[in-house]
Amino acid sequence: MNNPDDGSGPIAVAVVGSGPSGFYAAETLLRRHPNLHVDMFDRLPTPFGLVRGGVAPDHPKIKQVSLVFDKIARSPAFTFFGNVEIGRTLTIEQLRSAYHAVVLACGASADRRLGIAGEDLAGSHTATEFVGWYNGQPDYRDRVFDFSGEHAVIVGQGNVAGDVARILATPVDDLRKTDIAEHALDSLAGSRIRDITLIGRRGPAQIKFTPVELKELGQVRCCAALAAAEDLNLGASCAAEISDHRGDDAKKNVTLLRGFASAAPAGSGRRIWFRFLEAPVRINGTDRVKSVTLAKTRMEGPPFGQVAVATAQTHDLTCSLVFRSVGYKGVAVPGLSFDERAGIIPNLKGRCLYGDDPVPGVYVTGWIKRGPTGIIGTNRADSVETVESVLEDLPKMRSAPKAGAAALEASLRAGGGRIVSYGEWQKIDGSERSRGQARGKPREKFTIVGEMIAAIDAEAT
Ligand code: NAP
């Protein structure tokens, strides 16, 4: 068996997905092994995953992490293959035969469903659709949102729900200075939405916002964040949670919400309402959303294990838009096991499992490994763990040299699509920045793959 440093060519690793977990995996692989090449594949011509397509346009500081990823991508031991979809252009089996190791960092692109009647009515959307739409993500650019009504209801109280609420509430003139997609700006400019209600099935101590994000919801210009004081009286189990060190964030959140409860409603501005202990049981309407039926819930279980149990007490909340923001879900990868309930690929420290046995040479990191939790930085430690597994296994897996992308040239060509290199992405990037500059924005994204390719070709001529 060859030893990793025996001179028979570099270790070839394929990383599938160019979001934070993929880049952190690439960074660690390149730092920890002197003779290794990373090929990173993404189905879009543009890298950075949710940093580009998910992070809210009014959060430019969070997007700056792409500077770190850019530095990794410039390493001579790194090659980007954009516009290549694994599962369509190439199979996992092809990657396995061309690379010593394949690291799947493909995130969690599906949505959890509420499983209630009316969920698919016109006017009921997933948060994913809305976030993708305002961020100019090609899959969602054609979505249409009707902002002619005055009340939008958001189901869920996590940071994605917070982003949706903030974008709906923010005066459009404040959004003009961001990299929000132009189509979203045009549509939001005509919005008549005045009230935005965030519904939590559990109590104020169990909301999933991070305190920084919750605080921000109270700082939107011309908008009041509001909660009912009586909803913020905590029972014994909730009081126990916030007095425990594990409840530090919850304690800060409850303090912020108490501040919202004492705020005066804004005169003519928008309002963000926080409601608790209510779960949607039905979305009503004939051709489109007219209201949502909510059941009062009660909490059961010990501190930190409390669940919401619906009661028979219900009421209707009139609204014209519903956003379901109840978490993402991973998508099965053909040929690999999948845990439907958790929405992840079963794994042991990043080693993909088939039953109890590791699948040789195949690894996962990020949301497809642990589920859709944590902030961008959480992916760094997660990817380090996976890379440690890869490096530990190298002596076992390196029985023959692997040619990497060179072995896949014919299949890549047969795929028909234009493969986009990192240098070509930089041309798209430059072009988007110039378009943005003309509009006083940091960038104006291309929202159609064909436009991105045309921008590359225009630079070349
Ligand atoms: P999340 O944090 O898991 O929040 C999901 C919310 O939906 C929770 O309030 C949850 O309540 C609720 N929910 C789930 N199932 C429900 C049901 N059947 N009925 C009613 N409510 C239901 O998920 P997320 O907001 O999608 O965020 C995903 C991850 O991305 C998180 O780690 C988040 O912090 C991160 N993120 C971070 C930022 C940032 O840092 N700026 C921005 C966006 C996203 P329960 O608690 O009762 O389950």
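## Paired strands

In this predicted model, strands E11 (residues 278–284) and E12 (residues 291–300) pair in the antiparallel sense over six bridges. Within this pairing, Ala279 stands opposite Ala295 in E12. The two strands form a hairpin with six residues between them, and Gly285 in the turn has a positive phi of about 150 degrees.

Strand E12 is also joined to strand E13 (residues 307–318) by nine bridges, and E12 and E13 run antiparallel. Here Arg298 has Val309 in E13 as its bridge partner. The hairpin of E12 and E13 has six residues between the strands; in this hairpin Gly301 takes a positive phi near 110 degrees.

## Ligand shell

The ligand is surrounded by 21 residues, the closest being Gln157, Asn159, Arg201, Arg202 and Gly374. By class, the shell has eight nonpolar, eight polar and five charged residues. Helix H7 (residues 159–169) provides the largest share of the shell, three residues.

Because domain 1 (11–109 + 329–420) and domain 2 (113–326) both give residues to the shell, the ligand lies between them.

Gln157 places a polar backbone atom 3.0 Å from an oxygen atom of the ligand. For Asn159, a polar side-chain atom lies 2.9 Å from a ligand oxygen atom, while an N or O atom in the side chain of Arg201 is 2.8 Å from an oxygen atom of the ligand. The protein covers 82% of the 930 Å² of accessible area that the ligand has on its own.

Key. Residues numbered from 1 in each chain as written. Predicted model: local features only at pLDDT ≥ 70, side-chain atom pairs only at ≥ 80, totals over all residues. Heavy atoms only, no water. Near = heavy atom within 4 Å. Polar contact = N/O pair within 3.5 Å; in protein donor to acceptor, adjacent residues only side chain to side chain. Areas by Shrake-Rupley, 256 points an atom, 1.4 Å probe, with all protein chains shown as cover. Helix = DSSP H or I, 4+ residues; strand = E, 2+ residues; numbered from the N terminus. Nonpolar A, V, L, I, M, F, W, Y, C, P; charged D, E, K, R; others polar. Domains from an automatic or database assignment. Pairing = 2+ DSSP bridges.
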